Amino acid sequence: MATPVFIPVEQYLRTVFRPDCDYIEGEVQERNMGETLHGRLQAFFAFFFRLNQDKWSIDVLTEQRLRVADGRYRVADLILSSIPNRSARFLQSPPLLCVEILASEDRMRKVQERLNDYADMGVQSMWVIDPWRETAYFAGPDGIMLEQKEALIVPETSIRIAVPEIFAELDRLEKRATGR
(Lines give C-alpha, C1' and ligand atoms only; values in the text may rest on other atoms or scores of the structure.)
Protein backbone atom coordinates (compact mmCIF):
# COMPACT_ATOMS: atom_id res chain seq x y z
CA MET A 1 0.00 0.00 0.00
CA ALA A 2 1.61 3.23 -1.13
CA THR A 3 -0.65 5.49 0.92
CA PRO A 4 -1.43 4.53 4.52
CA VAL A 5 -4.98 3.27 4.99
CA PHE A 6 -6.71 4.07 8.28
CA ILE A 7 -9.93 2.34 9.30
CA PRO A 8 -11.72 1.60 12.58
CA VAL A 9 -10.74 -1.64 14.31
CA GLU A 10 -14.26 -3.05 13.84
CA GLN A 11 -13.92 -2.66 10.08
CA TYR A 12 -10.48 -4.34 10.13
CA LEU A 13 -11.85 -7.30 12.07
CA ARG A 14 -14.65 -7.90 9.56
CA THR A 15 -12.54 -7.30 6.43
CA VAL A 16 -10.77 -10.06 4.54
CA PHE A 17 -7.40 -8.99 3.16
CA ARG A 18 -5.47 -11.21 0.75
CA PRO A 19 -2.87 -11.62 2.11
CA ASP A 20 -3.96 -10.61 5.57
CA CYS A 21 -2.61 -7.37 7.01
CA ASP A 22 -1.48 -6.14 10.40
CA TYR A 23 -3.49 -3.42 12.10
CA ILE A 24 -1.52 -0.89 14.11
CA GLU A 25 -3.45 1.87 15.87
CA GLY A 26 -5.88 2.43 13.01
CA GLU A 27 -3.49 1.78 10.14
CA VAL A 28 -3.77 -1.30 7.93
CA GLN A 29 -0.20 -2.44 7.20
CA GLU A 30 0.73 -4.88 4.47
CA ARG A 31 3.11 -7.72 5.28
CA ASN A 32 5.88 -8.81 2.94
CA MET A 33 5.17 -12.31 1.70
CA GLY A 34 4.23 -14.29 -1.35
CA GLU A 35 7.76 -15.34 -2.26
CA THR A 36 8.64 -18.96 -2.94
CA LEU A 37 11.24 -19.36 -0.18
CA HIS A 38 8.82 -17.87 2.34
CA GLY A 39 6.02 -20.19 1.23
CA ARG A 40 8.20 -23.29 1.28
CA LEU A 41 9.45 -22.58 4.79
CA GLN A 42 5.97 -21.78 6.07
CA ALA A 43 4.68 -25.07 4.66
CA PHE A 44 7.68 -26.93 6.11
CA PHE A 45 7.09 -25.56 9.61
CA ALA A 46 3.33 -26.14 9.47
CA PHE A 47 3.91 -29.75 8.41
CA PHE A 48 6.66 -30.30 11.00
CA PHE A 49 4.51 -28.99 13.84
CA ARG A 50 1.38 -30.77 12.59
CA LEU A 51 3.28 -34.09 12.68
CA ASN A 52 4.11 -33.45 16.34
CA GLN A 53 0.94 -31.72 17.51
CA ASP A 54 -0.37 -34.63 19.59
CA LYS A 55 3.00 -35.33 21.19
CA TRP A 56 3.48 -31.66 22.12
CA SER A 57 -0.22 -30.87 22.83
CA ILE A 58 -0.20 -27.91 20.49
CA ASP A 59 -2.45 -26.30 17.94
CA VAL A 60 -0.73 -25.09 14.75
CA LEU A 61 -2.07 -21.95 13.10
CA THR A 62 -0.84 -20.12 10.02
CA GLU A 63 -1.70 -16.54 9.13
CA GLN A 64 -3.62 -16.10 12.37
CA ARG A 65 -4.65 -12.67 13.64
CA LEU A 66 -3.28 -12.06 17.11
CA ARG A 67 -4.49 -9.20 19.28
CA VAL A 68 -1.22 -8.02 20.83
CA ALA A 69 -2.71 -4.90 22.52
CA ASP A 70 -5.71 -2.61 22.25
CA GLY A 71 -5.79 -1.36 18.69
CA ARG A 72 -2.87 -3.59 17.60
CA TYR A 73 -3.20 -6.86 15.68
CA ARG A 74 -0.35 -8.81 14.17
CA VAL A 75 -0.58 -11.71 11.72
CA ALA A 76 2.25 -14.14 12.40
CA ASP A 77 3.42 -16.53 9.71
CA LEU A 78 2.89 -19.39 12.16
CA ILE A 79 1.67 -19.66 15.74
CA LEU A 80 1.74 -22.55 18.18
CA SER A 81 -0.78 -22.41 20.95
CA SER A 82 -1.36 -24.79 23.80
CA ILE A 83 -4.28 -27.15 23.71
CA PRO A 84 -6.94 -26.52 24.77
CA ASN A 85 -7.23 -23.31 22.82
CA ARG A 86 -10.70 -21.84 22.71
CA SER A 87 -11.89 -21.40 19.17
CA ALA A 88 -12.11 -17.73 18.38
CA ARG A 89 -11.92 -15.57 15.30
CA PHE A 90 -8.51 -14.40 16.47
CA LEU A 91 -6.19 -15.09 19.39
CA GLN A 92 -6.12 -12.77 22.38
CA SER A 93 -3.87 -14.69 24.77
CA PRO A 94 -0.13 -15.23 24.30
CA PRO A 95 0.68 -18.29 22.19
CA LEU A 96 3.57 -20.62 22.99
CA LEU A 97 5.47 -19.54 19.90
CA CYS A 98 5.31 -17.02 17.07
CA VAL A 99 7.34 -17.80 13.94
CA GLU A 100 8.24 -15.08 11.46
CA ILE A 101 9.77 -16.01 8.11
CA LEU A 102 11.49 -13.12 6.41
CA ALA A 103 10.72 -12.04 2.87
CA SER A 104 13.45 -10.50 0.74
CA GLU A 105 12.18 -6.97 1.41
CA ASP A 106 11.78 -7.31 5.19
CA ARG A 107 13.80 -4.91 7.32
CA MET A 108 15.13 -5.94 10.74
CA ARG A 109 13.80 -2.74 12.35
CA LYS A 110 10.24 -3.72 11.33
CA VAL A 111 10.80 -7.32 12.43
CA GLN A 112 11.98 -6.06 15.82
CA GLU A 113 8.78 -3.98 16.14
CA ARG A 114 6.77 -7.18 15.60
CA LEU A 115 8.83 -9.04 18.21
CA ASN A 116 8.38 -6.18 20.67
CA ASP A 117 4.60 -6.39 20.20
CA TYR A 118 4.68 -10.15 20.80
CA ALA A 119 6.91 -9.74 23.87
CA ASP A 120 4.73 -6.93 25.28
CA MET A 121 1.75 -9.27 24.90
CA GLY A 122 3.55 -11.95 26.92
CA VAL A 123 4.79 -14.31 24.20
CA GLN A 124 7.77 -16.16 25.68
CA SER A 125 9.28 -17.65 22.49
CA MET A 126 9.69 -16.21 19.02
CA TRP A 127 11.61 -17.59 16.07
CA VAL A 128 12.74 -15.53 13.09
CA ILE A 129 13.94 -17.39 10.02
CA ASP A 130 15.88 -15.65 7.26
CA PRO A 131 15.91 -17.99 4.26
CA TRP A 132 18.05 -15.58 2.23
CA ARG A 133 20.97 -15.71 4.66
CA GLU A 134 20.10 -19.17 6.03
CA THR A 135 20.01 -17.73 9.52
CA ALA A 136 17.70 -18.50 12.44
CA TYR A 137 17.06 -16.35 15.49
CA PHE A 138 15.41 -16.96 18.85
CA ALA A 139 13.84 -14.20 20.91
CA GLY A 140 12.65 -14.75 24.45
CA PRO A 141 10.31 -12.67 26.61
CA ASP A 142 12.53 -9.59 26.20
CA GLY A 143 12.07 -9.70 22.41
CA ILE A 144 15.81 -9.55 21.71
CA MET A 145 16.88 -11.71 18.76
CA LEU A 146 19.86 -14.01 19.21
CA GLU A 147 21.22 -16.02 16.31
CA GLN A 148 20.94 -19.78 16.79
CA LYS A 149 23.26 -22.10 14.87
CA GLU A 150 22.38 -25.44 16.49
CA ALA A 151 18.70 -25.56 17.40
CA LEU A 152 15.55 -23.54 17.93
CA ILE A 153 13.58 -24.45 21.04
CA VAL A 154 10.57 -23.45 23.06
CA PRO A 155 11.91 -23.40 26.64
CA GLU A 156 10.22 -25.62 29.21
CA THR A 157 8.79 -27.83 26.44
CA SER A 158 10.18 -30.61 24.27
CA ILE A 159 9.62 -28.48 21.14
CA ARG A 160 12.90 -28.36 19.25
CA ILE A 161 14.23 -28.34 15.71
CA ALA A 162 17.81 -28.42 14.50
CA VAL A 163 18.68 -25.28 12.52
CA PRO A 164 20.77 -27.19 9.93
CA GLU A 165 17.72 -29.44 9.33
CA ILE A 166 15.60 -26.40 8.41
CA PHE A 167 17.99 -25.20 5.73
CA ALA A 168 18.81 -28.70 4.49
CA GLU A 169 15.10 -29.20 3.87
CA LEU A 170 14.90 -25.84 2.12
CA ASP A 171 17.83 -26.86 -0.10
CA ARG A 172 16.15 -30.19 -0.86
CA LEU A 173 12.93 -28.43 -1.85
CA GLU A 174 14.83 -25.95 -4.03
CA LYS A 175 16.66 -28.76 -5.84
CA ARG A 176 13.41 -30.64 -6.32
CA ALA A 177 11.71 -27.55 -7.74
CA THR A 178 14.52 -26.86 -10.20
CA GLY A 179 14.92 -30.52 -11.22
CA ARG A 180 18.53 -30.75 -10.04
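In which helix is the place of H38? H38 sits in helix α2, where helices (H or I, at least four residues) and strands (E, at least two) are DSSP runs numbered from the N terminus. The structure is a predicted model, in which local features need pLDDT of at least 70 and side-chain atom pairs count only at pLDDT 80 or more, while totals for chains, interfaces and linings use all residues. Residues are numbered from 1 along each chain as its sequence is written, and side-chain values use heavy atoms, with hydrogens and water left out.

- H38 is buried, with a relative accessible area of 1%; buried means under 20% relative accessible area, exposed means over 50%, and partly exposed lies in between (1.4 Å probe, protein chains only).
- Once neighbours within four places in sequence are left aside, H38 is in contact with M33, D77, I101, L102 and A103, a contact being heavy atoms within 4.5 Å.

**The nonpolar cores**

- The largest nonpolar core has 27 residues, and those with the most contacts inside it are F45, F49, W127, I129 and L152; such a core is a set of buried Ala, Val, Leu, Ile, Met, Phe, Trp, Tyr and Cys residues joined through side-chain atoms within 4.5 Å.
- Two or more residues of this core come from each of α2 (36-51), β4 (58-69), β5, β6, β7 (126-130), β8 (135-139) and α5 (163-178), and the largest share, 7 residues, is given by α2.
- F49 touches W56, I58, V60, L78, L80, L97, W127 and I159, not counting residues up to four places away in sequence.
- A second, separate core of 19 residues includes C98, Y118, M126 and V128.

**The largest pocket**

- About 380 Å³ of space lies in the largest pocket, where a volume is the space filled by probe spheres set on grid points, and the points are joined across faces, edges and corners.
- On a 1 Å grid over the protein atoms alone, a pocket is an open set of points where a 1.4 Å probe fits, with protein on both sides within 12 Å along at least five of seven lines, and its lining residues have an atom within 4 Å of a point.
- The largest pocket is lined by 21 residues, of which E30, R31, D106, K110 and R114 lie nearest its centre.
- The elements that each supply two or more residues to this lining are β2 (22-24), β5 (72-82), β6 (97-101) and α4 (108-121), and α4 gives the most, with 5 residues.
- By residue class, the lining of the largest pocket divides into 4 nonpolar, 3 polar and 14 charged residues; here Ala, Val, Leu, Ile, Met, Phe, Trp, Tyr, Cys and Pro count as nonpolar, Asp, Glu, Lys and Arg as charged, and the others, Gly among them, as polar.

**R114 in helix α4**

- R114, which is placed in helix α4, is buried, with a relative accessible area of 9%.
- The side chain of R114 makes a polar contact with the side chain of D22 (2.2 Å); a polar contact is a pair of N or O atoms within 3.5 Å, of which, within protein, one must be able to donate a hydrogen and the other to accept it, and residues adjacent in sequence count only if both atoms are side-chain atoms.
- Leaving aside neighbours within four places in sequence, R114 is in contact with D22, R31, R74, V75, A76 and E100.

**Partly exposed positions**

- T62 is found in strand β4 and counts as partly exposed at 39% relative accessibility.
- Not counting residues up to four places away in sequence, T62 touches Q42, A46, A76, D77 and L78.
- P155 lies in the loop between β10 (151-153) and β11 (160-162) and is partly exposed, with a relative accessible area of 40%.
- P155 touches S125 and F138, not counting residues up to four places away in sequence, while P155 and M126, 29 residues apart in sequence, are 11 Å apart in space, C-alpha to C-alpha.

**Backbone features in loops**

- The peptide bond from R18 to P19 is cis, with omega near -5°, and P19 has its place in the loop between α1 (9-13) and β2.
- S57, in the loop between α3 (53-56) and β4, has a positive phi of about 50° although it is not a glycine, and S57 is partly exposed, with a relative accessible area of 41%.
- E134, in the loop between β7 and β8, likewise is not a glycine and has a positive phi of about 50°, and E134 is partly exposed, with a relative accessible area of 40%.
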